[in-house]
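Me: I should like to learn how to read the features of a structural model. Could we proceed from the whole to the details?

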Amino acid sequence: TGLSIALIGLAGLLPALTILALGVRRIHFPRPAKWPTTWRRVTVALVSGATSAILFAMIFELLLDFIVQAGLHVTSFNLGDPNAPIPNNARVLLYMFLLVSVIAPLVEESVKPLAVIAIIGRINSAAEAFILGLACGIGFDLIETSGYISMGYRNWVDVAIERSSAGLLHGFGAAMTALGWYFLTHKKSLAHRRVLIGLGCILYAILQHAIWNGSFVFQLLPAPVGPYLDQGKIMLGNYPVSASLLIYLVETILMLTFFLYITGKLSGRKRSTKTSSPSPLPQQDRGMQQQYPAQPGTPPRQLNPLPVR
């Protein structure tokens, strides 16, 4: 029992920390480059995502959940159970969709990077905003994962598969929201379309979360797709996993691809490769080179020789 608990905990927590390490390493490029932020700010962001962001998300989601339940007259559905089946009642299904695909993305993507938004005026670069937002999202995911593990996950393999993608979802979403706020509040951050790109970053985080949470609708498709995704199994060696993971696997690959693209842009990898190539001589130096051509075997003439002592 003790070993199982340890494996479940590690399978839920280590993937999220790996995503944080990957993002930091890709942005901190090349290795001798100056860090875009400080460990103190990263720690504050990580703790904020695991404490205040969780608290605010619970409060706002609870209030909005109560409003939606009262409006749809739904009282007998527990959304917090990770093993709960998809409901058949149309009203309950609508309630579930509104809660997971509308309320949760709007609330969580707004509150996760609050620590970054609070000090957005002191953020020095887009890379720093992204890293701090990523730390906020990872802190949020660590607490959410711990809560889901305590509510009925059966073994560490399920936890490792499902929560690895959730860590990328929460971390990348909060990072994009923080990046959007940086562009909106720093007039010199971008030369063109600064407001449009800033709003686009925030909208991307919300839509990414909404699509991820709403992917359960694929299991409601007509046969054979819907029933297969709902009840089918895929064998990983001798271990069976739900066929619905195929949907989340595709979404995870797309998220990871865009994550690598954004971190590559923020790291300035193209700029570093350009600066490493030899630059041409300035116009004045080229003129001097033409005026005084080098003669092999003849030392250059010194116009004003220093006195010999």
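**Reading the model**

Reply: The accessible surface of the protein comes to about 18,500 Å², and carbon and sulfur atoms account for 67% of that surface. Please keep in mind that this is a predicted model.

Me: What share of the 309 residues is buried?

Reply: A residue is called buried when its relative accessible area is under 20%. Buried residues make up 39% of the 309 residues in the protein.

Me: How many helices and strands are there, and what pattern do they follow along the sequence?

Reply: The protein has 12 helices and 2 strands. Read along the sequence, the pattern is α-α-α-α-α-α-α-α-α-β-β-α-α-α. As for contacts with a separation of 6 or more, 74% of them join residues 24 or more positions apart.

Me: How is the span of a helix to be read, and what is the case for H8?

Reply: The expected span is 1.5 Å times one less than the number of residues. The 20 residues of H8 should therefore span 28 Å, and the end C-alpha atoms of H8 are 29 Å apart, in agreement with that value. Helix H4 (residues 90-111) has 22 residues and reaches 30 Å from its first C-alpha to its last, close to the 32 Å expected.

Me: Where does H4 bend?

Reply: H4 bends by about 40° at Ala104, and a proline, Pro105, follows within four residues.

Me: Which residues of H8 are buried, and against what do they pack?

Reply: An α-helix has 3.6 residues a turn, so residues three or four places apart point the same way. In H8, the buried residues include Gly198, Cys201, Ile202, Ala205, Ile206 and His209. The buried residues of H8 pack against H4, helix H7 (156-185) and helix H10 (245-267).

Me: What does Ile138 touch?

Reply: Ile138 lies in helix H6 (residues 126-149) and is buried, since its relative accessible area is 0%. Beyond four places in sequence, Ile138 touches Ala16, Leu17, Ile19, Leu20, Leu46, Gly167 and Gly171. Ile138 and Thr18 are 120 residues apart in sequence and 9.7 Å apart in space, C-alpha to C-alpha.

Me: Let us turn to the loops. Where is His28, and is His28 buried or exposed?

Reply: His28 is in the loop between helix H1 (2-27) and helix H2 (39-50). At 8% relative accessibility, below the cut-off, His28 counts as buried. The side chains of His28 and Trp35 are joined by a polar contact of 3.3 Å. Leaving aside neighbours within four places in sequence, His28 is in contact with Ala33, Lys34 and Trp35.

Me: What is the phi of His73, and what is the phi of Arg193?

Reply: His73 has a positive phi of about 60° although His73 is not a glycine. This residue is in the loop between helix H3 (52-72) and H4. Exposed means over 50% relative accessible area, so His73, at 62%, counts as exposed. Arg193 has a phi near 50°, again a positive value in a residue other than glycine. Arg193 lies in the loop between H7 and H8 and is exposed, with a relative accessible area of 64%.

Me: Which residues does a cis peptide bond join?

Reply: A cis peptide bond joins Ala223 and Pro224, with omega about 10°. Pro224 is found in the loop between H8 and helix H9 (225-231).

Notes:
Residues are numbered from 1 along each chain as its sequence is written. This is a predicted model: local features need pLDDT of at least 70, side-chain atom pairs count only at pLDDT 80 or more; totals for chains, interfaces and linings use all residues. Side-chain values use heavy atoms; hydrogens and water are left out. The bend at a residue is the angle between axes fitted to the seven residues ending there and the seven starting there. Buried means under 20% relative accessible area, exposed over 50%, partly exposed in between (1.4 Å probe, protein chains only). Contact means heavy atoms within 4.5 Å. Accessible areas come from the Shrake-Rupley method with a 1.4 Å probe; for residues, only the protein chains shown count as cover. A polar contact is a pair of N or O atoms within 3.5 Å; within protein, one must be able to donate a hydrogen and the other to accept it, and residues adjacent in sequence count only if both atoms are side-chain atoms.
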